Amino acid sequence: MTTPKIDTEAYAFYHGMDAESLKHSFQDHLEFTLAKDRFTATDLDRFNALAHVVRDRLIERWLRTQDNYYRQDAKRVYYLSMEFLMGRTLGNSLVNLDLVEESHRAMHELGYELEALREVEWDAGLGNGGLGRLAACFLDSLATLELPGYGYGIRYEYGIFNQRIKNGYQIERPDNWLRYGNPWEIPRPQALFPVNFYGRVLQYVDQNKNLVTAWLDTTEVLAMAYDTPIPGYKSNTVNTLRLWSAKASRDFDFDYFNKGDYIGALEAKNDSETISKVLYPNDNRVSGKELRLKQEYFFVAASLQDIIRRYKKSETSFHAFSDKAAIQLNDTHPAIAIAEFMRILIDVEQVPWNLAWELTMATFGYTNHTVMPEALEKWSVPLLHKVLPRHLQIIYEINHRFLQQVRANYPNDDDRCARMSIIEEPKTTEGDKYVRMAHLAIVGSHSINGVAALHSDILKKELFQDFFEMYPERFNNKTNGITQRRWLKLCNPKLAKLITEAIGEGWAKDLFELKKLTPLAEDAEFRKKWREVKRSNKKIVADLIKGPDNLDSIFDCQIKRLHEYKRQLLNVLHVVTAYNRIRHNPHGEFTPRTVIFGGKAAPGYVMAKLIIKLINSVAEVVNNDPAVHGLLKVAFIPNYRVTLAEKLIPGSDLSEQISTAGTEASGTGNMKFALNGALTIGTLDGANIEMLEEIGEQNMFIFGLTADQIAELKPHYRPRTYSEANPELKEVLDMIGSGFFSQLERDLFQPIVSSLLDEGDRYFLLADYASYIDCQDQVAAVFRDQEEWTRRAILNVANSGKFSSDRTIQQYAEDIWGTKPISVDMATCPI
């Protein structure tokens with residue numbers, strides 16, 4: 001079969017990378033894809049037309065990339081994650097394709113503005129916070145480094161909820177992000193895999209005396225793939241994010257239909273498709289827990305079938321599987337993949353147990369993202385038995401064989417066996433047994449990594465100490481990172497331009513190039529330009545928060561998921577302290593400050609939602625008190641998401657990274673702020689420690705107890721003694737508890753005060769309060785010297801090289817996955 005000749009001139013005309021080609025392609029899509037003309041087209045139509053223009057250029061590289069992987073028989077990386085917080089795609093794709101300037105010119109010549117069209121796009125909010133955003137950064141780095149990588153997750157119909165603030169309270173609204181369609185995804189109805197639930201297990205010996213296991217009478221759901229192209233930066237590599245959507249195995253049950261029960265027929269279909277309906281169902285009820293478990297198994301089962309299908313295209317036996325595939329579990333959510341892979345190998349492919357287990361351990365790697373035991377996922381044995389009966393059998397067998405190894409290594413140590421067992425015994429006679437998914441992931445993986453040096457040490461010395469003592473070679477650290485393409489080049493174009501003019505554009509692929517900025521920190525003219533960029537970015541933030549009184553104030557920003565351990569409440573205590581100081585000394589000299597909060601609380605997290613209400617109530621009082629006008633302002637920005645972060649971070653002066661030492665696994669918001677020239681106030685927690693090593697103690701503001709000091713204090717911590725010894729702290733707590741900020745409901749915030757004074761202050765806010773206030777005073781003093789502040793800001797950026805996700809992914813590739821780059825040459829890689 002001969003390859004048809006391509007009219008290269010016409011091809012370039014419609015697929016070229018210059019403004020003229022983009023204009024023709026845009027007009028074609030507006031007319032022939034969207035059936036609109038310049039009179040009927042809306043902004044949404046124009047955005048979709050431009051998205052299709054970009055998508056065309058992605059697809060030609062995408063097809064060549066995938067073909068190249070097959071031709072070179074590449075080892076592929078499969079990244080399994082329940083969350084992918086992608087944000088908007090248009091701007092990121094334009095940056096990575098190096099099309100920003102030409103697209104801007106093309107749209108301008110057609111009478112449109114590129115930035116206005118970018119604002120039309122909805123955020124793909126398929127994640128809750130750092131876990132999902134990290135996964136998105138990793139996909140970007142995999143493609144930029146030309147590594148054969150695939151992301152697998154769920155195509156939630158409704159993403160993380162939209163947050164509204166009403167009377168200071170968080171109100172959740174559905175995030176129907178697919179309402180107007182998604183131009184980036186490609187539906188793959190032919191990539192359809194059955195996923196089974198419930199049923200019973202039958203085991204028998206066949207005529208050849210082999211034990212056969214059959215999983216019978218199951219309920220079947222179909223998983224349909226939707227693919228999104230993920231481009232690398234100035235690279236022809238375009239990898240794949242494959243998200244699964246649940247489809248009923250039949251449109252409706254004809255038994256119901258034939259009996260005239262049309263509602264029942266449709267209910268069965270709807271129940272099946274509920275699996276991919278919403279991110280994080282409320283798991284306070286049994287039904288919510290069951291749906292969550294089904295979601296995790298659903299995407300894992302579909303992904304493994306797809307991975308095995310791809311493997312079988314070139315291989316006839318499973319002996320080489322781990323040489324061709326590396327599967328990374330992003331936290332414990334996909335850990336059921338260990339049992340599912342074993343089920344497929346031994347039940348479906350008839351691979352002997354020992355070989356199947358060797359392949360499983362050689363294939364899987366596990367990334368842990370939490371140091372808090374209560375956050376490690378567990379499933380009750382009765383629930384697993386109901387939903388996945390065969391998998392429970394396999395987990396029991398894995399555990400049996402594993403505990404035999406433990407007993408061989410540590411004879412007569414029943415306590416150790418109980419601690420390490422995958423099955424957790426009930427604490428009471430009425431309680432259930434639980435399956436510890438983190439233990440399953442550790443036992444079934446050849447690599448277990450933390451995401452910051454401190455975090456990894458805590459895993460080895462505390463959380464998983466028994467496992468580390470038995471398998472020290474499996475544990476390693478891979479400090480998280482961020483992609484500088486989105487988190488500097490895209491979100492802060494003015495600063496990116498200033499940096500590029502000064503040191504060249506090499507930093508976009510090699511972040512260590514920023515080190516060349518170091519001598520420029522001493523250049524007064526460069527510092528002046530730097531401040532001009534920052535002021536311009538602060539104006540954008542000011543518009544978002546309805547304008548602070550003073551653009552010269554410290555823009556003090558804490559934007560992240562609302563959780564007690566992240567200690568937004570400690571920030572509030574400082575705000576009230578600052579407010580009191582101004583009230584008590586109206587003629588004093590104060591550094592103006594604008595304190596900006598943003599973040600969502602889980603719908604069922606009562607305390608976190610009450611803290612949001614407190615922030616808004618404090619803002620209401622402070623912002624309407626003429627005594628502090630121009631000196632202090634508080635803002636809570638609703639519906640925090642990737643797009644908002646891209647606007648807030650470049651305009652921030654101070655980054656609040658104040659979690660209790662030993663609780664934050666890594667954090668990546670800290671890295672994003674530092675990369676954009678914000679100074680950090682923080683504890684020695686997560687990646688803050690490594691930032692301190694890179695950036696320098698003199699360029700950060702560090703306060704509070706260390707993780708070791710907290711461990712030492714914890715047994716005899718008495719928070720009330722700190723309040724009684726500190727008049728400022730006592731006044732602040734009295735104001736919050738007595739209704740100063742809630743005049744119509746005076747005891748509204750008493751639960752917050754009680755949690756600190758009477759319920760143990762679990763996250764040591766009162767112990768760290770005085771140190772935090774002193775550190776904030778240092779912040780204010782340095783900020784008054786703008787030359788010194790700017791010098792430190794430049795040095796923060798100059799020393800951020802380590803915190804690129806490119807470095808992180810390179811380490812994963814070399815140390816865990818064993819994968820090599822595969823370059824794509826557009827001239828020699830035919831479609």
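Which residue takes a positive phi just after α34? I found Gly-818 there, with a phi of about 65°. A reminder to myself before going on: this is a predicted model.

**Entry 1: helix α34**

I stayed with α34, which runs over residues 805-817 and has 13 residues. I checked its span next: the end C-alpha atoms are only 16 Å apart, whereas a straight helix would reach 18 Å at 1.5 Å a residue. At the start of α34, I saw a side-chain oxygen of Ser-804 come to within 3.0 Å of the backbone nitrogen of Asp-806. Then I looked up burial and noted Ser-805, Asp-806, Arg-807, Thr-808 and Ile-809 as buried. Further along α34, Tyr-812, Ala-813, Ile-816 and Trp-817 are buried too. I jotted down a general point here: an α-helix has 3.6 residues a turn, so residues three or four places apart point the same way.

Where does Asp-175 lie? I traced it to the loop between β6 (169-173) and β7 (186-197). Asp-175 is buried, yet I found no salt bridge for it. The nearest side chain of opposite charge is Lys-600, 6.4 Å away, and a salt bridge would need the charged atoms within 4 Å. So what does Asp-175 touch, leaving aside its neighbours within four places in sequence? My list has Trp-122, Gly-125, Glu-157, Tyr-158, Gly-159, Ile-160, Phe-161 and Asn-162.

**Entry 2: aromatic pairs**

How many aromatic pairs does a search of the whole structure find? I got 28. I picked out Phe-321 and Phe-341, a tilted pair at 5.1 Å centre to centre with 40° between the planes. Phe-321 sits in helix α11 (residues 321-324) and Phe-341 in helix α12 (residues 336-348), so I wrote this down as a link between distant parts of the chain, 20 residues apart. Both Phe-321 and Phe-341 are buried.

Next I turned to Phe-402 and Phe-467, which are stacked: 6.0 Å centre to centre, 10° between the planes. Because Phe-402 belongs to helix α15 (residues 389-409) and Phe-467 to helix α19 (residues 465-470), this pair ties together parts that are 65 residues apart in sequence. I looked up accessibility as well: Phe-402 counts as buried at 2% relative accessibility, and Phe-467 is buried with a relative accessible area of 2%.

How values were computed: Residues numbered from 1 in each chain as written. Predicted model: local features only at pLDDT ≥ 70, side-chain atom pairs only at ≥ 80, totals over all residues. Heavy atoms only, no water. Helix = DSSP H or I, 4+ residues; strand = E, 2+ residues; numbered from the N terminus. Buried < 20%, exposed > 50% of the residue type's maximum accessible area, 1.4 Å probe, protein only. Lys, Arg positive; Asp, Glu negative; His and termini not counted. Contact = heavy atoms within 4.5 Å. Expected span 1.5 Å × (residues − 1). Polar contact = N/O pair within 3.5 Å; in protein donor to acceptor, adjacent residues only side chain to side chain. Phe/Tyr/Trp six-rings, centres within 6.5 Å; stacked < 30°, edge-to-face > 60°.
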